[in-house]
Each structure stands twice: as structure tokens, then as C-alpha cells.
Amino acid sequence: MTADVWLPIPADEIDGLPPTGSSGLVYRHWDGEPDYPADPADCVFYTVPYMNGTEIAVRPMPAMSSVKVVQTLSAGTDHVEPGLGSLPSGVRLCNARGVHEASTAELALGLTLASLRGIPGFVRGQDAHEWRAGFYPALADRTVMIIGYGSIGAAIEDRLAPFECARILRIARSARTSARGPVRPFTDAAALLPEADVVILSTPLNERTKGLVDAAFLARMKDGALLVNVARGRVVDTDALLAEVRSGRLTAALDVTDPEPLPPGHPLWQAPGVLISPHVGGSTSAFLPRAKKLLAAQLTRFAAGEPLDNVVLTL
């Protein structure tokens with residue numbers, strides 16, 4: 001039996017991988033194609049194809065009887081969780097912490113600024129040859145709430161720092177102190193929501209956060225507030241959000257939606273005050289070098305029998 005490693009990036013394009021001969025590892029390239037590169041039963045380290053959806057991610061997992069590690073190249077792991085029940089006990093599930101912080105934080109800031117400053121309207125005005133002057137909200141002097149203050153949430157605050165925000169409210173699963181100030185628990189979010197001009201979602205999707213932003217949550221947001229979602233679409237109740245934006249009370253900037261991809265004719269496309277990007281938070285030129293660096297480091301640890309980074313679950 002070989003000790004196969006499945007990679008969605010060709011091994012010869014990743015510097016620093018353990019050499020095949022001395023490590024005993026055999027690198028197989030698979031990025032979701034219909035045919036497998038080898039017998040899944042021989043795979044010991046499975047790197048999930050990036051942005052190919054749940055069906056492809058979990059397809060080989062029932063046959064992976066020797067697998068020890070499932071490594072995603074995304075910050076979230078919800079797309080592989082439906083297949084975890086078919087894996088042997090002891091498998092470690094690792095995410096891609098450190099890969100997407102820069103790109104996702106950039107987009108969160110970009111969506112926030114574009115929405116506040118009316119950029120979508122300017123683009124439509126340019127298309128129509130219209131000079132749409134006016135008075136628009138600034139990010140300066142605003143209170144921003146970040147819900148999901150992990151590594152991506154912290155990276156978002158790093159990029160907000162030069163914009164002279166009045167206050168940053170940090171919300172996470174549990175209370176703690178960060179380098180920039182106190183982090184409040186989820187249970188405090190409801191009381192703090194009326195103070196926030198901008199609410200940025202960067203939380204993982206799990207049973208606690210699914211549908212977190214429901215009608216009651218949105219009703220507590222102040223009039224004129226902006227909701228920015230760079231987390232997962234199912235964190236937000238789409239129907240509840242539609243009701244609020246149609247009324248004109250709230251606006252939204254969404255990199256993720258529920259459903260996703262958003263189908264033609266869905267009312268979110270034409271909803272007033274809504275800016276939509278097609279789930280591109282991590283899909284930038286920053287992704288590949290960071291993904292390669294992560295894989296080289298993880299496989300070096302794996303080959304040496306050392307503890308892995310970014311373990312989010314051990315089956």
C-alpha cells in the first residue's frame with residue numbers, strides 16, 4: 001500500500017514538499033475531475049479541491065479508508081462536513097487559517113467603502129452618461145461591529161484602522177482580550193447592535209451561526225445601517241434581509257448569498273441598496289502562494305510525525 005497525498009495543485013509547483021523518496025509519500029494531483037488519480041483507499045492526506053462545492057469535496061471520502069488528514073484550502077469547513085461521517089476515527093480536519101485573511105479583509109473593506117460611498121450608483125451613472133453628484137456617508141466617525149473575530153475578523157480591523165472609525169465592536173464565540181481591545185461574546189451582540197453603523201459578518205458557518213442574522217437581529221440594527229457578509233450565505237436569513245432592504249431601512253453588501261450561486265431572477269439581484277459580489281473573498285492573486293506555503297508546511301509536519309496546524313476537529 002502506498003501513502004498517497006492528494007493535492008489540487010501539482011506537486012512540482014509547490015516548493016518545500018517532503019521529497020517522495022525519503023518521506024514515503026506519493027503525490028497525486030486531483031482537482032475534482034471525474035476520474036481519480038489513484039485508489040482513494042490509499043490516500044492518507046486529502047487536500048480538498050478549492051471552490052468546487054460539497055458534491056465534489058465529499059465524493060471520494062467514503063472510499064478513503066486509510067486517510068489521516070483532511071485539509072481544506074478554505075477558512076470554512078462546512079462544505080466537507082457532510083462526508084466526515086464516512087471517515088475512520090482519528091482523522092484530523094484542518095482548515096486554511098492564514099491563507100485567506102488578506103484577501104477576505106480587503107474585500108470586506110472594499111464592499112463597505114463601495115456601499116457607503118455609492119460606487120454602484122456611480123458605475124450605473126457612467127454607463128448611462130449621468131453625473132450623479134450628491135452627499136454620501138463616510139466610513140470615518142462610524143461604529144463598526146465585526147461578528148466573528150477570528151483571524152479574518154482581526155485582519156478586517158487591521159485594515160479599518162486608518163479610516164478613523166469612531167469605534168470597533170468585536171464579537172466572537174466567547175469573551176477575551178485581543179491586541180486591539182476587548183472581544184465580546186455572541187450573547188452581547190443583541191444589546192450592541194443598535195450602536196453599529198456597519199455590521200461585518202466574518203463568522204464560520206455552524207449550528208450556532210446558521211440563520212444568526214434573522215428578522216429579530218436585523219430589527220435591532222439602527223436605521224440606515226449597512227450589513228456586510230463575507231462569511232457564509234446561510235448565516236443570513238435571505239427573506240428577512242429582503243424585507244429590510246426593500247423598506248429602505250437597511251443596506252447590504254454580500255459576497256455570499258443563500259442560495260448560492262444566486263440564480264437568475266432571484267429578488268436579491270434587484271433589491272434596492274444591495275451590492276453583490278460572487279463569493280470572491282479568497283479568490284485573488286494572494287491565494288495560491290499562501291496555499292502552497294500552507295501545504296508544504298503541513299506535509300512537512302505530517303511526514304515528520306509532528307502536530308499539524310489548524311486542526312479544527314479530530315474524528
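A nonpolar core, as I use the term, is a set of buried Ala, Val, Leu, Ile, Met, Phe, Trp, Tyr and Cys residues joined through side-chain atoms within 4.5 Å. Buried means under 20% relative accessible area, exposed means over 50%, and partly exposed lies in between, with a 1.4 Å probe and protein chains only.

Before the details, a word on the model. This is a predicted model, where local features need pLDDT of at least 70 and side-chain atom pairs count only at pLDDT 80 or more, while totals for chains, interfaces and linings use all residues. Residues are numbered from 1 along each chain as its sequence is written, and side-chain values use heavy atoms, with hydrogens and water left out.

Let's start inside. The largest nonpolar core has 32 residues. Which of them have the most contacts inside it? They are Met145, Val199, Leu201, Leu218, Met221 and Leu227. Several elements give two or more residues to this core: E6, strand E7 (167–172), H6, E10, H7, H8 and strand E12 (251–254). H8 supplies the largest share, 4 residues. A note on those labels: helices (H or I, at least four residues) and strands (E, at least two) are DSSP runs, numbered from the N terminus. As background, nonpolar side chains tend to be buried together in soluble globular proteins.

Now the charges. Side chains of opposite charge can pair when their charged atoms come close. I call it a salt bridge when a side-chain nitrogen of Lys or Arg is within 4 Å of a carboxyl oxygen of Asp or Glu. How many salt bridges does the structure hold? There are 12.

Take aspartate 4 and arginine 28. Their side chains meet in a salt bridge, at 3.1 Å from N to O. The pair links distant parts of the chain, 24 residues apart: aspartate 4 is in strand E1 (residues 3–7), and arginine 28 is in strand E2 (residues 25–29). Buried or exposed? Aspartate 4 is buried, because its relative accessible area is 0%. Arginine 28 is partly exposed, at 26%.

Next pair: arginine 232 and aspartate 78, again a salt bridge, 3.2 Å from N to O. These two link distant parts of the chain, 154 residues apart. Arginine 232 is in the loop between strand E11 (226–229) and helix H8 (238–247). Aspartate 78 is in the loop between strand E4 (69–71) and strand E5 (92–94). Both are buried.

Out to the surface. Patches are made of residues with over 30% relative accessible area and no salt bridge; like charges are joined within 9 Å, and nonpolar side chains (Val, Leu, Ile, Met, Phe, Trp, Tyr) within 5 Å. Accessible areas come from the Shrake-Rupley method with a 1.4 Å probe, and for residues only the protein chains shown count as cover. Which residues form the nonpolar patch? Ile119, Phe122, Val123 and Tyr136, with about 310 Å² of accessible area together. Tyrosine 136 sits in the loop between helix H4 (119–127) and strand E6 (143–147). At 32% relative accessibility, tyrosine 136 counts as partly exposed.

Last, the backbone. Most residues other than glycine have a negative phi, and most peptide bonds are trans. Here are some exceptions.

The peptide bond from aspartate 258 to proline 259 is cis, with omega near 10 degrees. Proline 259 is in the loop between E12 and helix H9 (267–270). The bond from glutamate 260 to proline 261 is also cis, with omega near -5 degrees. Proline 261 lies in the loop between E12 and H9.

Now phi. Histidine 129 has a positive value, near 60 degrees, and is not a glycine. Histidine 129 is in the loop between H4 and E6, and counts as exposed at 74% relative accessibility. Asparagine 310 has a positive phi as well, about 65 degrees. The place of asparagine 310 is the loop between helix H10 (287–304) and strand E14 (311–314). Asparagine 310 is buried, with a relative accessible area of 18%.

That's the tour. Questions, please.
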